[in-house]
Amino acid sequence: MADETRDNDRPDPHSPENQPSAGHPLANHPPEVATPPRRRLSPLWLLPLVAALIAGWLGWRWFEERGPQIVITFQSGDGLEAGRTRIKHKNVDLGVIELVRLSDDLSQVIATARMDRTAARHLKDGTRFWMVAPRLGLGGVSGLSTVVSGTYVEMEPAVATTGGSSTRWTSRRWSAPTCRAAAST
């Protein structure tokens with residue numbers, strides 16, 4: 001019985017006394033339905049978008065600035081370390097050895113190197129490469145700077161009038177005078 005009185009005490013929303021009168025401003029308008037506000041894209045999504053754009057730009061820049069990959073053949077791999085052995089000219093880094101492996105017949109060491117983009121125009125037929133390491137001989141001591149820095153590969157660019165560009169060289173010995181590299185195909 002108490003439930004019946006509560007129901008009777010509530011005003012009926014459809015009764016005429018609860019409807020707006022003809023002069024009331026809401027009389028001609030249908031009732032408004034509450035809709036949730038439209039969700040906008042959160043500004044937090046801008047952070048990963050900006051990070052992706054920066055990463056893409058840095059990747060493109062790295063790709064554009066890297067130089068050519070070359071192959072140098074040596075008689076021995078003493079001192080060659082992938083990722084650590086540098087290629088220099090006049091004590092300026094021009095590249096790094098990326099991969100060291102043996103030839104198919106196991107008679108030579110094949111080093112794959114990535115050169116700087118600035119060195120690309122000097123890689124021509126006749127360019128010479130040789131290993132610089134500390135040496136003690138009858139003529140004296142040479143390569144002492146490598147005691148601290150480690151063995152490196154020296155590059156001597158070809159004369160400007162010498163042949164076209166190449167990506168393969170053969171190094172014959174360890175010292176500069178006897179180490180003339182010839183382009184091989």
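This is a predicted model: local features need pLDDT of at least 70, side-chain atom pairs count only at pLDDT 80 or more; totals for chains, interfaces and linings use all residues.

Trainee: How many salt bridges does the structure hold?

Mentor: Side chains of opposite charge can pair when their charged atoms come close. To count, the nitrogen of Lys or Arg has to be within 4 Å of a carboxyl oxygen of Asp or Glu. The number of salt bridges in the structure is 5.

Trainee: Which helix do E65 and R61 both lie in?

Mentor: These two form a salt bridge, with their closest N and O atoms 3.3 Å apart. E65 and R61 are 4 residues apart, about one turn of the helix. That helix, spanning residues 46-65, is α2.

Trainee: Which residue does D93 form a salt bridge with?

Mentor: D93 is partly exposed, at 33% relative accessibility. Its closest N and O atoms to the partner are 3.4 Å apart. The partner is R86.

Trainee: How many residues apart in sequence are the parts that E156 and R128 tie together?

Mentor: E156 and R128 form a salt bridge, the closest N and O atoms being 2.2 Å apart. E156 sits in strand β8 and R128 in strand β5, so the pair links parts whose separation in sequence is 28 residues.

Trainee: Is R128 buried or exposed?

Mentor: Buried means under 20% relative accessible area. R128 has a relative accessible area of 10%, whereas E156 is partly exposed at 30%. So R128 is buried.

How values were computed: Residues are numbered from 1 along each chain as its sequence is written. Side-chain values use heavy atoms; hydrogens and water are left out. A salt bridge is a side-chain nitrogen of Lys or Arg within 4 Å of a carboxyl oxygen of Asp or Glu. Helices (H or I, at least four residues) and strands (E, at least two) are DSSP runs, numbered from the N terminus. Buried means under 20% relative accessible area, exposed over 50%, partly exposed in between (1.4 Å probe, protein chains only).
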